[in-house]
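Dear colleague,

Please find below the structure I promised to pass on to you. My notes on it follow directly after.

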Amino acid sequence: NTNNKRVLANSKTSNKTLAVTPHLSGHVVGGCYWVLRQLSDDTEIVLAPTYHHAKERHLAGSTLHKFGVNADALVTMPGGPRGLLGRLYRPPPPANNSSHARRKKAILSPPVGSRSEATMIESIMTTLRRDGNVLLPVDASGRVLELLLLLDRHWERHRLSGAYNLAWVGPMARNALEFARSQLEWMAPPLGAQFDSQRGHPLQLRNVRICSSVEELESGVIERSDGNPSCVLASGPTLDHGPARDLLLRWGGNPDNLVLLTDSTRCVPRGEVWFRDEDELARMVASATKEETIGPSVAGVAEDAAAEAAATAGGDDDANAATLGAALSPADVSRSTTASQLLHAWCTAKASGEEMADEVSADVYVPHRAPLAGNELAAFTKGEEEERRARRAEEERKAMMAEIELARGRLRLGDNDDAG
């Protein structure tokens with residue numbers, strides 16, 4: 001919206017010095033890039049950390065090509081796949097470094113939206129037809145909307161609701177969807193036109209079951225459908241937390257199941273929060289376990305609207321004991337998230353011209369409760385006793401104050417009687 005312009009002034013001279021204007025950047029609802037214009041000499045700087053030019057189902061494309069072409073400087077970050085995955089899209093250099101040498105083709109073809117979506121849909125349907133479940137780790141409220149619209153329309157077009165479950169699982173899924181339904185003015189114009197023409201809300205998602213937890217998914221969706229295969233979008237894109245992590249642990253041994261990583265930017269190192277000191281690390285990994293996903297590798301497809309890497313996973317609760325290994329020592333814990341470990345295994349196999357191994361190991365952070373013992377038990381007991389004494393003292397103080405107020409009331413009543 002080019003009308004949302006803010007002008008910053010110098011507090012000493014009251015002269016207007018800088019105009020800041022947000023523009024549509026695409027990628028996520030409400031996303032914008034910023035045009036900073038210095039009023040004294042019309043110098044323009046564009047800050048565009050994230051943007052997407054293509055038109056999508058729920059968003060219009062970025063206007064960066066319209067309002068950012070005359071900028072004196074562009075501050076941005078490289079887009080597209082990074083790391084080992086990004087290198088698979090680049091052709092290797094000639095062996096003799098000669099410009100006349102025949103260049104080899106890249107291992108992966110450049111991602112194309114429609115082709116990537118078709119590849120993802122085909123991978124999902126192939127898994128469901130063999131009675132497998134599909135897990136798509138997604139963010140809580142951003143790119144997940146594009147995936148929901150894509151899959152909901154495919155389910156609607158082919159009338160798949162009676163045969164296969166489609167669900168979105170996340171503690172804030174219902175809230176995120178309710179809020180998104182009120183933001184049509186910031187989305188793609190066709191969605192607003194559909195709503196204005198009384199054809200129903202475009203985010204009604206008739207074929208998507210919304211669940212706040214894995215337990216609700218199992219009891220309210222899977223059991224009621226007599227165990228139909230399920231395609232589940234679950235919060236927790238790194239597979240280190242949330243419903244996506246829980247479903248990976250539940251479905252971690254069946255070769256008929258599938259995990260589709262839909263955003264390679266979430267396949268990242270775990271960061272300093274995990275490794276700031278050895279004592280904390282030891283506590284955090286006391287419950288880290290080894291997760292083995294078994295099954296054939298599946299070709300990765302493009303970022304966001306498609307899956308960039310795939311690894312199979314599956315199983316049921318009875319198989320969890322066989323799937324999970326022993327707790328890991330701090331030295332054995334990977335510095336990459338679970339999703340990053342799976343993506344790296346897939347990319348390594350692709351770079352070697354091979355298929356992904358039938359068995360892939362990745363560590364998963366699994367929090368659990370352990371009984372207190374030793375000094376921890378003594379400290380907890382001492383704290384409980386002090387809290388109990390403090391509550392008792394507070395109750396005695398309140399009882400004493402009540403008695404004092406009662407006595408004062410009786411004295412005032414006696415004075416009134418004497419005066420009468």
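Val 20 is part of strand β2 and, in this predicted model, counts as buried because its relative accessibility is 16%, below the 20% limit for that class. Its C-alpha atom is separated by 8.9 Å from that of Gln 38, a residue 18 positions away along the chain. His 23 belongs to strand β2 as well, which covers residues 16-24. His 23 is also buried, with a relative accessibility of 6%. Between the C-alpha atoms of His 23 and Leu 64 there are 7.7 Å, although 41 residues separate the two along the chain.

As to the chain as a whole, 13 helices and 13 strands are present. Buried residues make up 41% of the 420 residues. Of the contacts between residues at least 6 apart in sequence, 71% join residues at least 24 apart. The accessible surface amounts to about 23700 Å², and carbon and sulfur atoms account for 51% of that area.

Strand β6 deserves a separate paragraph. This strand, residues 134-138, is largely enclosed by the rest of the structure, since five of its five residues are buried. Val 134, Leu 136 and Val 138 point one way from the strand, whereas Leu 135 and Pro 137 point the other way. Two pairings involve β6. With strand β9 (residues 230-235) it pairs in the parallel sense over five bridges, and Pro 137 stands opposite Ala 234 there. With strand β10 (residues 258-261) the pairing of β6 is again parallel, over two bridges, and Val 134 stands opposite Leu 258.

I turn next to the salt bridges, of which a search of the whole structure finds 17. Arg 250 takes part in a salt bridge with Glu 215, at 3.6 Å from N to O. Because Arg 250 lies in helix α8 (residues 242-250) and Glu 215 in helix α7 (residues 214-222), this pair ties together parts that are 35 residues apart in sequence. Arg 250 also meets Glu 218 in a salt bridge, at 2.9 Å from N to O. Glu 218 is likewise in helix α7, so this second pair connects parts that are 32 residues apart in sequence.

Two points concern the later part of the chain. Helix α12 (residues 338-351) has 14 residues and should therefore span 20 Å at 1.5 Å a residue, which agrees with the 20 Å between its end C-alpha atoms. Its buried residues include Leu 342, Leu 343 and Trp 346. Gly 353, which follows α12, has a positive phi, near 75°. Finally, Leu 372, Leu 377 and Phe 380 form a nonpolar surface patch with about 270 Å² of accessible area together. Of these residues, Leu 377 is found in helix α13 (residues 374-419) and is partly exposed, with a relative accessible area of 39%.

With kind regards

Methods: Residues are numbered from 1 along each chain as its sequence is written. This is a predicted model: local features need pLDDT of at least 70, side-chain atom pairs count only at pLDDT 80 or more; totals for chains, interfaces and linings use all residues. Side-chain values use heavy atoms; hydrogens and water are left out. Helices (H or I, at least four residues) and strands (E, at least two) are DSSP runs, numbered from the N terminus. Buried means under 20% relative accessible area, exposed over 50%, partly exposed in between (1.4 Å probe, protein chains only). Contact means heavy atoms within 4.5 Å. Accessible areas come from the Shrake-Rupley method with a 1.4 Å probe; for residues, only the protein chains shown count as cover. Patches are made of residues with over 30% relative accessible area and no salt bridge: like charges are joined within 9 Å, nonpolar side chains (Val, Leu, Ile, Met, Phe, Trp, Tyr) within 5 Å. A salt bridge is a side-chain nitrogen of Lys or Arg within 4 Å of a carboxyl oxygen of Asp or Glu. Two strands pair if DSSP finds at least two bridges between them. The expected span of a helix is 1.5 Å times one less than its number of residues.
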